[in-house]
Amino acid sequence: MKILVAEDEALIRLDLVEMLREAGYEVIAEAGNGKEAIDLNEKHNPDLAILDINMPIIDGLTAAETIVKTTPVLMLTAFSQRELVDRANAAGVMAYVVKPFTINDLIPAIEIASSRYAQMSALVDEVANLSERLETRKLIDRAKGILMQALNLSEPEAFSWIQRAAMDRRLTMKEVALAVISPDAAPER
């Protein structure tokens, strides 16, 4: 697993990086502030980002709000106030570990954060796929209704008409349905 570490205190960052490497993780980037963490995350695309909250330029929670869009984030901080935990949760942070810590505290948090992020990403993809399929289904149903009325077809005949038109014109059924609904929006092929 490739990890980005963002910690403004150099000594803590060095200890953390050494701990992670000894545990078999690959630390591919180190940042001393939140802005650098965001930039390094874009550049290196790590499997996980470990961020401190209290960092200069951009704090860890603000950086996390950007980083979580592409990478799971684990907050590693001395602060355990409820409001910070709530902010981390709202930002989409996958795990929160309070200093002082040991590698035995970090490993389960790293593994759970990575696993939860993978699960959430899969769910987001599935929802997007289902939404697209539902939208296509609605368009095909509207097009069938138009064809049934205009050409005096039954529902199965209208569906077959859309299927044939899609195959004949090498279009998707959605594209054919859109062309039936709005003929001037028909794709050229």
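Here are legends for a handful of close-up views of this structure. The model is a predicted one, where local features need pLDDT of at least 70 and side-chain atom pairs count only at pLDDT 80 or more, while totals for chains, interfaces and linings use all residues. Residues are numbered from 1 along each chain as its sequence is written, and side-chain values use heavy atoms, with hydrogens and water left out.

**View 1. Helix α2 and what covers it.** Helix α2 spans residues 34–44; helices (H or I, at least four residues) and strands (E, at least two) are DSSP runs, numbered from the N terminus. Its buried residues are G34, A37, I38, L40 and N41, where buried means under 20% relative accessible area, exposed over 50%, and partly exposed in between (1.4 Å probe, protein chains only). Among the elements covering them are the strands β1 (2–6), β2 (26–31) and β3 (48–51), along with helix α3 (60–67).

**View 2. N33, at the start of α2.** Look for N33 in the loop between β2 and α2. N33 counts as buried because its relative accessibility is 13%. A side-chain oxygen of N33 comes to within 3.0 Å of the backbone nitrogen of K35. That's a polar contact: a pair of N or O atoms within 3.5 Å, where within protein one must be able to donate a hydrogen and the other to accept it, and residues adjacent in sequence count only if both atoms are side-chain atoms. Setting aside neighbours within four places in sequence, N33 also touches M55, P56, I57 and I58 (contact means heavy atoms within 4.5 Å).

View 3. I57 sits in the loop between β3 and α3. Its phi is positive, about 65°, although I57 is not a glycine. Most residues other than glycine have a negative phi, and most peptide bonds are trans. With a relative accessible area of 68%, I57 is exposed.

**View 4. The cis peptide bond at P100.** Going from K99 to P100, the peptide bond is cis, with omega near -5°. You'll find P100 in the loop between β5 (95–98) and α5 (103–151).

**View 5. R170, between two helices.** R170 is in the loop between α6 (155–169) and α7. Though not a glycine, R170 has a positive phi of about 55°. R170 counts as exposed, at 70% relative accessibility.

View 6. S182 belongs to the segment after α7 (173–181). S182 counts as partly exposed because its relative accessibility is 26%. S182 and A143 are 39 residues apart in sequence, and C-alpha to C-alpha they're 9.4 Å apart in space.
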